[in-house]
Amino acid sequence: MNICSKRLYALIIVGNLGFNNMAVALTHLLRNGLIKTAAVLDFDLHYGDGTENILSGTGVVDICNPGSYGHGHAKGEAGRKDYLREVESFLKSLRVDIIGISAGFDNHELDWGELLATDDYFAMGRMVKERALEIGSGYFGMLEGGYIRESQT
Ligand SMILES: [Zn+2]
(Lines give C-alpha, C1' and ligand atoms only; values in the text may rest on other atoms or scores of the structure.)
Protein backbone atom coordinates (compact mmCIF):
# COMPACT_ATOMS: atom_id res chain seq x y z
CA MET A 1 0.00 0.00 0.00
CA ASN A 2 1.56 3.31 -1.00
CA ILE A 3 1.02 6.55 0.86
CA CYS A 4 -1.76 7.69 -1.47
CA SER A 5 -3.79 4.55 -0.91
CA LYS A 6 -3.19 4.83 2.86
CA ARG A 7 -4.66 8.32 2.79
CA LEU A 8 -7.58 7.14 0.70
CA TYR A 9 -8.19 4.28 3.11
CA ALA A 10 -8.14 6.72 6.05
CA LEU A 11 -10.68 8.91 4.28
CA ILE A 12 -12.90 5.94 3.60
CA ILE A 13 -12.77 4.93 7.25
CA VAL A 14 -13.69 8.44 8.34
CA GLY A 15 -16.46 8.53 5.76
CA ASN A 16 -17.95 5.26 6.87
CA LEU A 17 -17.53 5.60 10.62
CA GLY A 18 -17.54 9.33 11.27
CA PHE A 19 -20.58 10.04 9.15
CA ASN A 20 -23.29 7.71 8.04
CA ASN A 21 -23.78 8.81 4.45
CA MET A 22 -27.13 7.10 4.09
CA ALA A 23 -28.47 8.64 7.28
CA VAL A 24 -27.24 12.08 6.25
CA ALA A 25 -28.89 11.79 2.84
CA LEU A 26 -32.23 10.46 4.04
CA THR A 27 -32.41 12.77 7.05
CA HIS A 28 -31.80 15.73 4.74
CA LEU A 29 -34.58 14.63 2.40
CA LEU A 30 -36.98 13.98 5.29
CA ARG A 31 -36.28 17.20 7.16
CA ASN A 32 -36.69 19.28 4.04
CA GLY A 33 -40.00 17.70 3.20
CA LEU A 34 -38.74 16.21 -0.03
CA ILE A 35 -39.83 12.72 1.02
CA LYS A 36 -42.10 11.31 3.69
CA THR A 37 -40.98 7.68 3.62
CA ALA A 38 -37.85 5.79 2.62
CA ALA A 39 -36.26 2.39 2.54
CA VAL A 40 -32.70 1.23 2.79
CA LEU A 41 -31.48 -1.91 1.09
CA ASP A 42 -28.10 -2.53 2.70
CA PHE A 43 -26.37 -5.37 0.89
CA ASP A 44 -23.00 -4.79 2.52
CA LEU A 45 -21.68 -7.85 4.29
CA HIS A 46 -21.57 -6.02 7.60
CA TYR A 47 -24.71 -5.26 9.52
CA GLY A 48 -25.73 -1.62 9.13
CA ASP A 49 -26.23 -0.95 12.79
CA GLY A 50 -25.38 2.74 12.42
CA THR A 51 -28.03 3.17 9.75
CA GLU A 52 -30.51 1.25 11.85
CA ASN A 53 -29.70 3.18 15.03
CA ILE A 54 -30.12 6.54 13.33
CA LEU A 55 -33.03 5.88 10.99
CA SER A 56 -35.22 3.20 12.54
CA GLY A 57 -36.37 5.64 15.21
CA THR A 58 -37.90 7.86 12.57
CA GLY A 59 -40.67 5.34 12.01
CA VAL A 60 -40.71 6.14 8.30
CA VAL A 61 -37.65 4.26 7.07
CA ASP A 62 -37.75 0.52 6.34
CA ILE A 63 -34.37 -1.17 6.47
CA CYS A 64 -33.24 -4.50 5.10
CA ASN A 65 -29.80 -5.99 5.81
CA PRO A 66 -30.04 -9.34 4.05
CA GLY A 67 -27.46 -11.84 5.11
CA SER A 68 -25.25 -9.37 6.90
CA TYR A 69 -22.32 -10.65 8.88
CA GLY A 70 -23.51 -12.74 11.77
CA HIS A 71 -26.95 -13.05 10.21
CA GLY A 72 -25.78 -14.80 7.10
CA HIS A 73 -27.20 -17.19 4.61
CA ALA A 74 -25.72 -20.55 3.79
CA LYS A 75 -22.91 -20.47 1.27
CA GLY A 76 -23.31 -21.59 -2.28
CA GLU A 77 -26.22 -21.58 -4.68
CA ALA A 78 -28.90 -22.09 -2.03
CA GLY A 79 -27.56 -19.19 0.00
CA ARG A 80 -27.48 -16.91 -3.01
CA LYS A 81 -31.06 -17.75 -3.91
CA ASP A 82 -32.20 -17.20 -0.32
CA TYR A 83 -30.43 -13.88 -0.27
CA LEU A 84 -32.06 -12.69 -3.48
CA ARG A 85 -35.47 -13.92 -2.30
CA GLU A 86 -35.05 -11.90 0.89
CA VAL A 87 -34.23 -8.80 -1.14
CA GLU A 88 -37.14 -9.40 -3.51
CA SER A 89 -39.56 -9.91 -0.62
CA PHE A 90 -38.40 -6.73 1.08
CA LEU A 91 -38.73 -4.69 -2.09
CA LYS A 92 -42.20 -6.05 -2.82
CA SER A 93 -43.33 -4.92 0.63
CA LEU A 94 -42.32 -1.32 0.01
CA ARG A 95 -44.47 1.70 -0.61
CA VAL A 96 -41.97 4.49 -0.10
CA ASP A 97 -40.87 7.71 -1.70
CA ILE A 98 -37.25 6.69 -2.14
CA ILE A 99 -35.07 3.60 -1.91
CA GLY A 100 -31.46 4.04 -0.84
CA ILE A 101 -28.98 1.27 -1.49
CA SER A 102 -26.00 0.84 0.80
CA ALA A 103 -23.97 -0.88 -1.87
CA GLY A 104 -21.25 -2.90 -0.23
CA PHE A 105 -19.55 -5.52 -2.32
CA ASP A 106 -17.80 -7.40 0.45
CA ASN A 107 -20.37 -10.20 0.26
CA HIS A 108 -19.09 -11.04 -3.23
CA GLU A 109 -17.93 -14.61 -3.79
CA LEU A 110 -14.34 -13.30 -4.18
CA ASP A 111 -14.50 -11.13 -1.06
CA TRP A 112 -14.96 -11.80 2.66
CA GLY A 113 -18.57 -12.90 2.41
CA GLU A 114 -17.85 -15.43 -0.35
CA LEU A 115 -21.50 -15.51 -1.34
CA LEU A 116 -22.84 -13.35 -4.14
CA ALA A 117 -21.90 -13.49 -7.79
CA THR A 118 -21.49 -10.36 -9.86
CA ASP A 119 -24.78 -11.19 -11.60
CA ASP A 120 -26.53 -11.11 -8.22
CA TYR A 121 -25.60 -7.46 -7.80
CA PHE A 122 -26.97 -6.70 -11.25
CA ALA A 123 -30.13 -8.59 -10.30
CA MET A 124 -30.58 -6.55 -7.12
CA GLY A 125 -30.07 -3.36 -9.08
CA ARG A 126 -32.73 -4.41 -11.56
CA MET A 127 -35.10 -5.37 -8.73
CA VAL A 128 -34.73 -1.95 -7.12
CA LYS A 129 -35.26 -0.17 -10.43
CA GLU A 130 -38.33 -2.23 -11.30
CA ARG A 131 -39.90 -1.77 -7.87
CA ALA A 132 -39.17 1.94 -7.89
CA LEU A 133 -40.89 2.26 -11.25
CA GLU A 134 -43.89 0.26 -9.97
CA ILE A 135 -44.40 2.46 -6.91
CA GLY A 136 -43.18 5.74 -8.39
CA SER A 137 -40.27 6.10 -6.02
CA GLY A 138 -36.79 7.38 -6.55
CA TYR A 139 -33.69 5.36 -5.86
CA PHE A 140 -30.01 5.92 -5.35
CA GLY A 141 -26.96 4.03 -4.16
CA MET A 142 -23.95 4.76 -2.01
CA LEU A 143 -20.76 2.75 -2.22
CA GLU A 144 -19.96 0.90 0.98
CA GLY A 145 -17.51 -1.94 1.68
CA GLY A 146 -15.66 -4.19 -0.68
CA TYR A 147 -12.06 -5.17 -0.32
CA ILE A 148 -11.18 -7.22 -3.35
CA ARG A 149 -10.79 -5.22 -6.53
CA GLU A 150 -12.30 -8.00 -8.64
CA SER A 151 -15.53 -7.89 -6.61
CA GLN A 152 -16.13 -4.26 -7.61
CA THR A 153 -15.64 -4.49 -11.34
ZN1 LIG B 1 -18.78 -4.30 4.89
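How many bridges pair strand E1 (residues 38-42) with strand E3 (residues 98-103)? Select both strands: five bridges join them, in the parallel sense. Strands here are DSSP runs of E with at least two residues, helices are runs of H or I with at least four, and both are numbered from the N terminus. Two strands pair if DSSP finds at least two bridges between them.

Before moving on, remember that this is a predicted model, where local features need pLDDT of at least 70, side-chain atom pairs count only at pLDDT 80 or more, and totals for chains, interfaces and linings use all residues. Residues are numbered from 1 along each chain as its sequence is written.

**The sheet.** Now click on Val40; its bridge partner in E3 is Gly100. Widen the view to the open sheet of four strands, which pair in parallel in the order E2-E1-E3-E4. At its edges lie strand E2 (61-64) and strand E4 (138-143), each pairing on one side only.

**The helices.** Next, select helix H2 (residues 21-31), which packs on the sheet and touches E1, E2, E3 and E4. Touching means contact: C-beta atoms, placed from the backbone, within 7 Å. Helix H5 (residues 118-135) also packs on the sheet, touching E1, E3 and E4.

**One residue up close.** Finally, select Ala38 in the viewer. Leaving out residues up to four places away in sequence, Ala38 touches Leu26, Val60, Val61, Val96, Asp97, Ile98 and Gly100.

Technical notes
Two residues are in contact if their C-beta atoms, placed from the backbone, lie within 7 Å. Axes are lines fitted to C-alpha atoms, for helices over the stretch in contact, and angles run from 0 to 180 degrees between N-to-C directions.
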